[in-house]
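Colleague: I am new to this structure. Please take me through one part of it closely, and then show me what else is worth a look.

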Amino acid sequence: MSKNLVIVESPAKAKTIKKYLGKDYEVLASYGHVRDLVPKDGAVDPEADFQMKYQIIDRNEKHVRAITSALKDADSLYLATDPDREGEAISWHLVELLKEKNALKGKTVKRVVFHEITQRAVSEAIAHPRDIADDLVNAQQARRALDYLVGFNLSPLLWRKVQPGLSAGRVQSPALRLICEREEEIKAFVAQEYWTLEARAQKEAQSFSAKLIELDGQKVEQFTLTEEGGAEAARKRILAVAQGSLKVASVDKKQRRRNPSPPFTTSTLQQEANRKLGFTSSRTMRTAQQLYEGVDLGGDTVGLISYMRTDSVSLAQEAIAEIRKTIVSEFGASTLPPEPRYYKSKSKNAQEAHEAVRPTSALRTPKSVARYLTPDQAKLYELIWKRTMACQMTAAVFDTVAADLKAGAQHAFRANGSVLLEPGFLAAYNIKVTDPLDKSEDDDEDDKRLPVLVVGETVNLLELDAEQHFTQPPPRYTEASLVKTLEEFDIGRPSTYATIISTLQARDYVRLDGKQFTPTDVGMIVNKFLTDHFNQYVDYEFTAKLEDSLDEVSRGEKAWQPLLADFWGSFKPRVDEKMELSRQEVSEARQIGIDPETGKPVSARLGRFGPFVQIGTKDDPEKPRFASLRANQRIDTITLEDALALFQLPRRLGTLPNGEEVKVNIGRFGPYVQHGKSYVSLKRDDDPYTIGLPRAIELIEQKAAALEAATIKVFDGTGIRIVKGRFGPYITDGTRRANIPKTRDPESLSALDCEFFLNEAALRDKPAKGKKGGKSADKADAAAKAATKKASAKKAPAKKSATKKAVKKSSAKKKS
């Protein structure tokens, strides 16, 4: 066995590092975290100085056993988990588990850190080990405890007051607030009309455009012209004065330089990948992880990029030296500045010991490695490589021209143009002097060429157009703009953004409409509840200060237990206070109007099973009527007309030739057609509110034909048949269904056999009776699940006994 055991987080990383270290080193993976908080109330105990109760993660128990076994024959344990708080915590948790197993006796434990998986970096890390950094571990524990305390107290409150299955989070909830507040701004936005005048001028054979900047001797603002009449009157005044020409009043020529952007951090990588490649944050991070851990380049497994979880924009000196050589060979000496460029992070908590995201070797061009990569890997590697090259190249140089053209003494237009003289860093993006600008890299450029204009000369005025505009509401957040805003507010950390966004979508708080996030009814109501009752804890500044405090813990400047005590001291009383709120107070009904038939109020609100509209109130002598909203409808925008249309269901479509009535409705599993006791699901394109009898009959006949084709055996007069199914033959009588034991031949079954199996299946599926109530809603989801499991285990014998009685009874029938 190897004398040295090295632990990393992933098997792909282990495979790459094993090749570098040789036979004296065994490399195993922990497969991420090995321990986590016990999934129940009390895992963090505020009464015992926030003592935390951990347990091994079930899915990783076998990996811990493998590590323990391999450690028996090793002299040294090298902990080579990722170079961040989470990686430090994984190493610490693993050591704690191994101590419990008494597996470290006589072993040397070393922590090694590298920011890229290359032969040089790994060998250097092994040669210079250190101890586990307690400050980083404490910061991670504090973060985990805070997330637990918020989640385990706010989430059950949401289940109780809003809807089951919801969650709140220390960072997740402020992110939701951003999206919801933007939606409120859009809803409140009132468009304003304004008009612009644009001249089309010509000198010799070249035409160009110019915008009105001065009217009647006054500077033109956005709302100088606000209606068509005024714009047309201004247009006529200018044309009358101009008499078909404009005079060049001034020409301002400047040379402008544009410097490249810094190399990628985690956040800027996610933003650019979303903007340029259309990648989600999770897709970006997943692909970057693959590039970091190692790719087989024709027999040689190499990590292609440095560690992708970083907020630093600095580059190692040896990396800069290689980048500068590559720039000369790929783009020419003219694009290389005399001295390297150095960048400073804007983030006040950036860890400058880390590096920016960069290729591990600039010599590996995208073209040279493309054949070894998946399409996603190739695209992301090219994005990172180009950005890294560009950040060390010369500035791009433009000639800009601004010319003012006069129509008489009172009116003036301005024409702008620019020409790319030296591409500089833009050459890394394949932009040359003769090419149009890369608009995704340089959005503010206007690459219009103007003719050579001389002060005092006149140019032809070809036409003057008045154009109507309306102000636009602020745009909804995309993944790129949301990530950028979270970073600007210092909410969370870039490495967590992908998880935050995924959670918001998984909880159905937000949906992606194209590339933009739209909050759902559930998201809007959860946000309103949190901002109304827990505003401090979803406040952007509060969340950012908490992140700063965690960073102070990681640097050893602050103790973690007092941080938790300060938070808990104000948070817990607020949670206890809000337990007294009623569901009606939380999910306020929106009054839509009055039902013209009954004169009762129509309202919309969120219920336990989703958004719905209601006719009447609970105080009426008759029970209120309810109808669920459709997928594209929202509580805050649904109209009275649309709400009343929802009460059309169930719709009666007519009758079949056999006299059965045909109805259409929506059930637990979607819209369906009912005839007698039979049901047929509607297809994706069928609308239950508009479907007619002919289409319903068509669906019924299709199902009947499919059932007939799949039928193995029919028992006349009983309604029972044996049918071929996707997962094997089964028995059905139209309402009940039972699988056929593998030991029985479907052809040999009698009607009595089928009846027995149907009865047994119905009894088995019948929910066990039990007392109402259970654990209080302030317990965690896991605790509730555990209680349910325990209760089910207690009831199981009764169910089994009932089944035995049914079998015995059926057997007696068979014998008779």
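Modeller: Start with the side chain of Asn 153, which reaches the backbone oxygen of Leu 149 at 2.7 Å. This is a predicted model, so treat each value as computed from it. Asn 153 sits in helix α5, which covers residues 134–161. Is Asn 153 buried or exposed? Its relative accessibility is 13%, and the cut-off for buried is under 20%. Asn 153 therefore counts as buried.

Now look at what surrounds Asn 153. Set aside its neighbours within four places in sequence. Asn 153 is then in contact with Trp 568, Phe 571, Lys 572 and Val 575.

Helix α17 spans residues 560–578. It packs against α5 at an angle of about 5°, and the two axes are 10 Å apart. Angles under 35 degrees count as roughly parallel, so α5 and α17 are roughly parallel to each other.

Next, move to helix α13, residues 479–488. Which of its residues are buried? They are Glu 479, Ala 480, Leu 482, Val 483, Thr 485 and Leu 486. Their cover includes helices α6 (172–188), α8 (266–277), α9 (281–293) and α14 (494–506). Strand β19 (516–519) is also part of that cover. Just after α13 comes Asp 490, with a positive phi of about 65°.

Finish with a sheet. It is open, has 4 strands and runs in the order β24-β25-β26-β27, with antiparallel pairing. Its edge strands are β24 (651–655) and β27 (678–681), and each pairs on one side only. From one strand to the next, the twist averages 30°. Strand β26 (residues 670–675) pairs with β27 over 4 bridges, in the antiparallel sense. Within that stretch, Tyr 672 has Ser 681 of β27 as its bridge partner. Helix α20 (residues 693–710) lies across β24, β25 (661–667), β26 and β27. Against β27, α20 runs at about 100°.

Note on methods: Residues numbered from 1 in each chain as written. Predicted model: local features only at pLDDT ≥ 70, side-chain atom pairs only at ≥ 80, totals over all residues. Heavy atoms only, no water. Pairing = 2+ DSSP bridges. Helix = DSSP H or I, 4+ residues; strand = E, 2+ residues; numbered from the N terminus. Axes fitted to C-alpha atoms, helices over the stretch in contact; angles between N-to-C directions. Contact = heavy atoms within 4.5 Å. Buried < 20%, exposed > 50% of the residue type's maximum accessible area, 1.4 Å probe, protein only. Polar contact = N/O pair within 3.5 Å; in protein donor to acceptor, adjacent residues only side chain to side chain. Parallel < 35°, antiparallel > 145°, perpendicular 65-115°, else oblique.
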